[in-house]
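These are my notebook entries on one structure, written as each feature was looked up. The structure comes before the entries.

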Amino acid sequence: MRSCPPGEVSANAGEKAGDGRTCFAPPVVTPDPRAAWQRVVVAVWSLVLALLLLGPALAPGYVLSYDMVWVRDLAVRADVLGLGSGLPRAVPSDAWVAVLDELVPGMLLQKLVLLGVLLGGTAGIDRLLPRVGLVARLAAVTLWQWNPYVVERLVLGHWPVLVGYAALPWVLLGATRWRATGRAPWWLLLAVLLGSLSVSAGLATSLALLVALLVGPGGARPWGRGLLLAGAAQAPWLVSGLLHVRDAVTDPAAARLFALSDEGPLPGPLAALTLGGVWNAEVVPGSRTGPAALVALVVLAALLVLGIVVVRRGGTEPAVPWVPLVLLWGVGWVLAILTWLAPGPFGVLAAVVPGGGVLRDGSRLLVLCVPLLVALVAVAVDAAWDRAGARWPPAARVSLAVVVVVWPVTVLPDGAWGAGGRLGAVDYPVSYAATRTALGDAPGDVLVLPLSSYRQPEWNGGRKVLDPLGRVLVPVPVASDELVVDDVVIAGEDPRVRRVREALEGPTPQARAAELGALGVGAVATDLTAPGPAPEVAGAVLHDDDVLRVVALAAVDETVPPSAWRLAMGLAWTVHLGVLAASVVGGVRCARQRFRRNLSG
């Protein structure tokens with residue numbers, strides 16, 4: 001069966017077109033004069049929530065929290081392009097940041113990204129929802145934007161994951177339209193691209209795209225082209241991962257440590273139902289460890305049951321892609337629960353299958369569950385509001401509206417104001433800029449000591465953050481990729497770091513310098529405020545104060561990525577950028593057609 005061409009859109013999905021063919025276009029919706037002002041209200045409410053959620057993060061300075069490390073000017077270098085010696089954990093996200101901060105200062109860019117994640121995702125989920133009233137839309141938006149998944153990932157600094165979270169409803173919406181009409185909207189390409197800034201986010205985006213194309217409403221099934229689109233958008237980390245395939249297996253001990261976790265009174269499966277269960281207890285809001293977590297579970301469960309009843313009775317229009325939403329929820333929740341029930345097999349998978357470690361973070365997979373939960377809550381609230389409208393007095397209806405809209409905030413109050421101040425913005429000490437200037441674009445790479453992944457500098461309020469020094473400097477950093485969780489050391493994958501550790505065991509500073517130079521290290525930068533051993537290395541002192549010390553080695557054998565690697569990554573980036581170019585061309589063409597229609601009208 002073919003989809004309706006332009007001009008033959010059926011008034012109802014499945015209705016016969018003039019030539020007898022069956023149309024699978026979405027139903028034509030009569031314009032609602034309330035839609036414009038309601039959309040404004042939803043957008044304003046989303047902005048209020050975003051400002052309350054981020055709080056001090058929007059002040060001047062950089063938000064440095066766990067894996068969220070932004071600098072004024074990230075250099076475009078081999079590691080951000082996927083040509084470093086380690087796995088492409090921040091590919092292509094770092095490359096996009098390195099390019100964009102040439103146009104927008106890094107401090108401002110970070111704040112735009114954080115705000116964009118919250119506002120852009122809200123706009124997408126609002127359009128994906130069934131046709132419900134304003135109160136239901138506001139309630140759905142609040143749950144989408146204010147939940148444990150968002151708060152905990154903000155504190156963990158997983159901003160590429162949150163970009164994928166924001167892109168998810170747009171991917172579902174665009175894929176549903178593609179299947180219904182046979183044509184992909186131009187903004188779907190951009191949404192898939194934004195949803196592919198990291199490995200885990202890319203996998204969720206690809207799964208959502210393909211599921212919606214395979215089982216969504218409509219007659220077209222362009223899953224082959226959808227697969228090509230997903231592969232092209234994720235080409236940089238896919239190709240880089242293949243180039244590093246020998247080192248792409250991970251420590252099996254990590255699976256148990258990163259599995260879905262209990263939260264306070266909620267065991268893992270129930271914590272997952274409420275979008276919690278993150279592995280790192282340090283980022284869990286205090287409200288999630290007390291009675292508020294039980295209240296959140298009860299309220300959400302009641303709304304979900306009501307929403308399911310309404311949907312089963314046919315209380316929503318058929319254009320909503322319920323089947324893809326249910327399938328995605330099932331995949332996300334089941335995989336998360338399996339990491340809680342049986343982390344051992346996931347550890348074996350990570351140790352044997354290259355890239356298998358991406359599944360070890362159980363709670364991160366819950367991103368697939370959110371669209372269904374939000375849609376069901378919207379349906380439930382709308383049904384309750386309609387029922388109350390006929391029986392309740394105005395004051396009681398207002399009280400009901402307030403309760404159903406703000407309950408996610410009341411059960412997670414410590415998500416407010418930057419997770420209780422944990423997302424405060426700070427300035428880097430002047431030593432960092434001085435060190436970057438002193439080292440410049442020196443030959444070779446720069447070794448960052450001590451060889452430990454995370455720091456808790458006083459100038460960052462004692463908050464834990466991935467060592468930012470390597471990102472401030474221009475040369476490619478060589479830094480520890482080991483993790484310590486619950487006093488358990490998780491081995492890193494970068495073979496070069498292991499060789500550097502051995503070189504630092506040399507008997508004298510001169511011997512260490514010679515061995516490091518042979519490994520391509522041209523300078524050593526030491527954070528004097530961080531705990532841990534930092535063996536002395538002979539060289540010319542470029543900068544030395546009470547915070548940082550940098551020495552340049554006398555001789556260095558510069559390492560250059562193999563030509564085959566550079567060719568492969570060049571092709572990968574060409575394909576990746578081709579998705580962006582196609583999206584821009586499609587957007588311009590769409591805008592031109594709309595302009596011509598307005599002129600002719």
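Entry 1, backbone. I began with Ala419, which sits in helix α18 (residues 416–421). I take helices (H or I, at least four residues) and strands (E, at least two) as DSSP runs, numbered from the N terminus. Phi of Ala419 is near 55 degrees, a positive value in a residue that is not glycine. Ala419 counts as buried because its relative accessibility is 12%; buried means under 20% relative accessible area, exposed over 50%, and partly exposed in between (1.4 Å probe, protein chains only).

I note the basis of these entries here: the model is predicted, local features need pLDDT of at least 70, side-chain atom pairs count only at pLDDT 80 or more, and totals for chains, interfaces and linings use all residues. Residues are numbered from 1 along each chain as its sequence is written, and side-chain values use heavy atoms, with hydrogens and water left out.

I then looked up Tyr66, a non-glycine residue with a positive phi of about 50 degrees. Tyr66 lies in the loop between β1 and α2 and is buried, at a relative accessible area of 8%.

In that loop between β1 and α2 I also located Pro92. Val91 and Pro92 are joined by a cis peptide bond, with omega about 5 degrees. I recorded another cis peptide bond between Leu449 and Pro450, with omega about -5 degrees; Pro450 is placed in the loop between β3 (445–449) and β4.

How many salt bridges does a search of the whole structure find? I recorded 14, a salt bridge being a side-chain nitrogen of Lys or Arg within 4 Å of a carboxyl oxygen of Asp or Glu.

One of the pairs I looked up is Asp73 with Arg436, whose closest N and O atoms are 3.4 Å apart. Asp73 is in the loop between β1 (62–63) and α2 (93–100) and Arg436 is in helix α19 (residues 430–439), so this pair ties together parts 363 residues apart in sequence. Both Asp73 and Arg436 are buried.

For Glu263 and Arg288 I noted a salt bridge with closest N and O atoms 2.7 Å apart. Glu263 is in the loop between α11 (253–258) and α12 (268–273), and Arg288 is in the loop between α12 and α13 (291–312), 25 residues apart. Glu263 is buried at a relative accessible area of 2%, and Arg288 is buried at 2%.

Arg455 and Asp527 form a salt bridge at 3.6 Å between the closest N and O atoms. This pair links strand β4 (residues 454–455) to strand β9 (residues 521–527), 72 residues apart. Arg455 is buried at 4% relative accessibility, as is Asp527 at 4%. I also noted a network of salt bridges that links Arg153, Asp361 and Arg364.

I recorded a nonpolar patch formed by Leu214, Val215, Trp223, Leu227, Val323 and Leu327, with about 530 Å² of accessible area together. The elements giving two or more residues to the patch are α8 (199–215), α9 (223–233) and α14 (322–341). Patches are made of residues with over 30% relative accessible area and no salt bridge, like charges being joined within 9 Å and nonpolar side chains (Val, Leu, Ile, Met, Phe, Trp, Tyr) within 5 Å. Accessible areas come from the Shrake-Rupley method with a 1.4 Å probe, and for residues only the protein chains shown count as cover. Leu214, in helix α8, is partly exposed at 42% relative accessibility.
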